[in-house]
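The sequence and the model are shown below.

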Amino acid sequence: MSRRKEDLRVKEVPPIVLDPASKKQYTKGRFLGKGGFAKCYELLDSETNKNYAGKIVSKALLVKPHQKEKMSMEIAIHRTLHHKHIVGFHGFFEDDSNVYVLLELCRRRSLMELHKRRRQVTEAETRYFMQQIIIGVQYMHGKKVIHRDLKLGNLFIDDNMNIKIGDFGLATKEEYDGERKRTLCGTPNYIAPEVLTKEGHSFEVDSWSLGCIMYTLLVGRPPFETSSLKDTYQRIKRNQYHIPSKISPTARSLITRFLHKNPLERPDVMKLLEDDFFTTGHLPKELPVSCLTTAPRFSSQINRKPLTEVKGHRKDENTPPVSDLARKPLHGRTPPVVEKKDLKDREDVNEDIDDINKSIGEQDALCHLPEMMKQLVKVLDSKPCEKNPKQFDEAEDPAAIPVLWVSKWVDYSDKYGLGYQLNDGSVGVLFNDSTRLLLHQNGENLEYIDREWNESYPMMSSYPESLKKKVTLLTYFRNYMTEHLLKTGATMTPRDSDALARLPFMNSWFRTRSAIVLHLSNGTMQINFFTDHTKIIVCPLMGAVTYIDQNRESRSFRCQLMEQYGCTRDLYSRIKYGRAMVERLIAIKSQPPSSQKQKKIAAPTGGQPKRAESQVEA
Ligand code: ADP
């Protein structure tokens with residue numbers, strides 16, 4: 001963005017915003033993010049207690065007639081749309097400085113953040129998201145509205161993992177049947193060839209974008225991506241893209257139809273849901289929130305059964321039953337040995353494995369530590385605290401906030417292991433024998449991860465005898481954390497999709513004199529500093545660091561933006577410490593497995609861990 005536009009953008013939004021016409025008051029809440037023109041904050045209607053996403057645009061940016069017109073058009077179009085898969089429009093007003101638009105609050109952000117955290121998602125998830133997007137587009141097109149900028153970042157997600165199409169900044173209305181639009185004021189992300197060649201465009205540009213969205217979700221990168229915009233546009237014009245062979249025939253066929261160079265050959269949006277892709281594959285009714293960061297499981301039934309069958313037959317709890325090993329290709333996370341070949345050519349390696357493994361197979365034993373190292377080193381090398389402190393806020397990006405973090409922990413590793421609770425209310429133990437047991441927040445679903453990272457999904461109400469000791473210990477840990485430590489306040493109602501949930505687990509951890517370092521299998525590293533209770537949570541997939549200060553205020557910053565705009569000394573010193581901790585984690589993980597000693601787990605003594613050291617954090 002140009003310096004001038006930056007200067008003009010909304011600076012300070014007052015703590016209370018008043019609609020001068022209606023006299024309604026809105027309390028400014030959390031900062032949600034900034035876009036090209038707007039800044040978004042949560043706005044609470046003090047009367048009704050309803051929370052909105054308030055999109056706020058400085059009037060200084062709406063001086064020229066075309067700017068005003070664009071904003072009015074966005075409002076005029078969006079306000080006519082009322083649909084469960086379109087971001088709700090709840091009004092707009094202005095004061096002397098800004099225009100305020102009240103939108104439905106989408107707390108789970110957008111498919112963009114999901115894509116960054118997950119890279120490629122499973123076909124079943126793609127089907128789920130695409131179905132909702134298409135239903136929204138069918139409604140929109142029925143109202144003669146062409147969105148013209150459908151992209152992952154404009155597909156918002158609500159608390160229940162429902163898609164909401166938003167941002168009508170480039171939208172237009174068909175004025176008469178068969179109208180071809182000649183102009184487009186702005187640059188759509190997934191730009192269609194007929195827009196590039198300016199030969200006139202209409203509803204079919206949205207189908208093109210749907211193809212790009214579907215491709216990106218399944219493959220993990222956009223279809224025409226190159227390192228330069230010029231080359232990308234060339235490829236679009238030449239219709240030059242490649243669908244990896246691992247993509248199923250039905251998905252391939254639909255993507256190909258969407259990405260037809262001739263707009264008139266693209267599929268009819270109204271009939272899309274009759275396509276084989278939707279009618280022949282598994283279409284989940286709901287998705288769990290954990291999908292935002294971890295691939296779901298779609299075979300819990302198949303999976304649970306063999307484990308209960310082996311009840312009583314497993315003598316050695318550290319030896320997985322044959323049925324577990326048999327499942328390895330399906331549910332094994334990549335074994336904890338670092339092999340260079342695992343890090344490259346994933347596309348080829350993964351080609352033949354099934355849908356579920358597509359996403360799971362992404363993981364390696366280092367769990368994104370090298371990426372994290374690079375990011376932190378780059379931030380530190382840019383000397384961020386020597387930059388202009390007035391600009392530090394520019395590095396903030398609330399969309400990068402972690403989905404899951406460790407809210408409590410109990411170190412009882414002299415006997416059993418490390419117990420912890422995540423912010424969603426789930427609990428886990430990394431036992432001294434390097435196995436993990438997780439209990440989801442519904443108190444029923446368990447995940448057992450053995451030393452080879454094979455997963456099985458027993459239930460609290462039925463688990464194999466061999467897991468008895470571990471379940472007992474997990475229960476002790478859970479009771480200890482909920483009785484003795486502060487409540488996190490995580491209250492979530494159970495959902496059908498709980499059975500699909502799959503959580504990240506504790507990959508490794510250690511303590512220093514001044515902090516505990518926790519590294520989760522989704523790549524997130526959290527450091528809790530003992531003396532001042534501050535924390536950093538580094539997410540290499542988002543390329544972001546979240547800093548929780550002494551007042552428990554949390555703010556997320558993008559590494560790239562910190563390189564540009566800098567950061568405070570407090571954060572700088574913690575990032576520096578973080579870099580040293582990543583080095584240690586890499587060193588631990590790079591040891592041959594034989595030298596990683598396995599301790600025995602002591603027998604539970606009954607009651608609860610008494611001498612455990614613990615930390616309470618929300
Ligand atoms: P852009 O200019 O990138 O399209 P916007 O100005 O629409 O972005 O919004 C800025 C940021 O505010 C977005 O990136 C997003 O993180 C957040 N945001 C926008 N709308 C919503 C919403 N309805 N719910 C939650 N967050 C939102």
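## Aromatic rings

One aromatic cluster is formed by Trp208, Tyr215, Phe224 and Tyr241. Rings of Phe, Tyr and Trp (its six-membered ring) pair if their centres lie within 6.5 Å; planes under 30 degrees apart count as stacked, over 60 as edge-to-face and the rest as tilted. The model is predicted: local features need pLDDT of at least 70, side-chain atom pairs count only at pLDDT 80 or more, and totals for chains, interfaces and linings use all residues. Residues are numbered from 1 along each chain as its sequence is written, and side-chain values use heavy atoms, with hydrogens and water left out.

Across the whole structure, a search finds 13 aromatic pairs. Among them, Phe93 and Tyr100 are stacked, at 4.9 Å centre to centre and 15 degrees between the planes. Both Phe93 and Tyr100 are buried (under 20% relative accessible area, with exposed over 50% and partly exposed in between; 1.4 Å probe, protein chains only). The pair of Trp409 and Phe530 is tilted, because the ring centres are 6.2 Å apart and the planes stand at 45 degrees.

## Charges over rings

The charged end of Lys39 sits over the ring of Phe31, 5.6 Å from its centre. Likewise, the charged end of Arg127 sits over the ring of Phe277, 4.6 Å from its centre. The criterion is NZ of Lys or CZ of Arg within 6 Å of the ring centre and within 35 degrees of the ring normal.

## An open sheet

Six strands, in the order E1-E2-E3-E4-E6-E5, form an open sheet with antiparallel pairing. Strands (E, at least two residues) and helices (H or I, at least four) are DSSP runs, numbered from the N terminus; two strands pair if DSSP finds at least two bridges between them.
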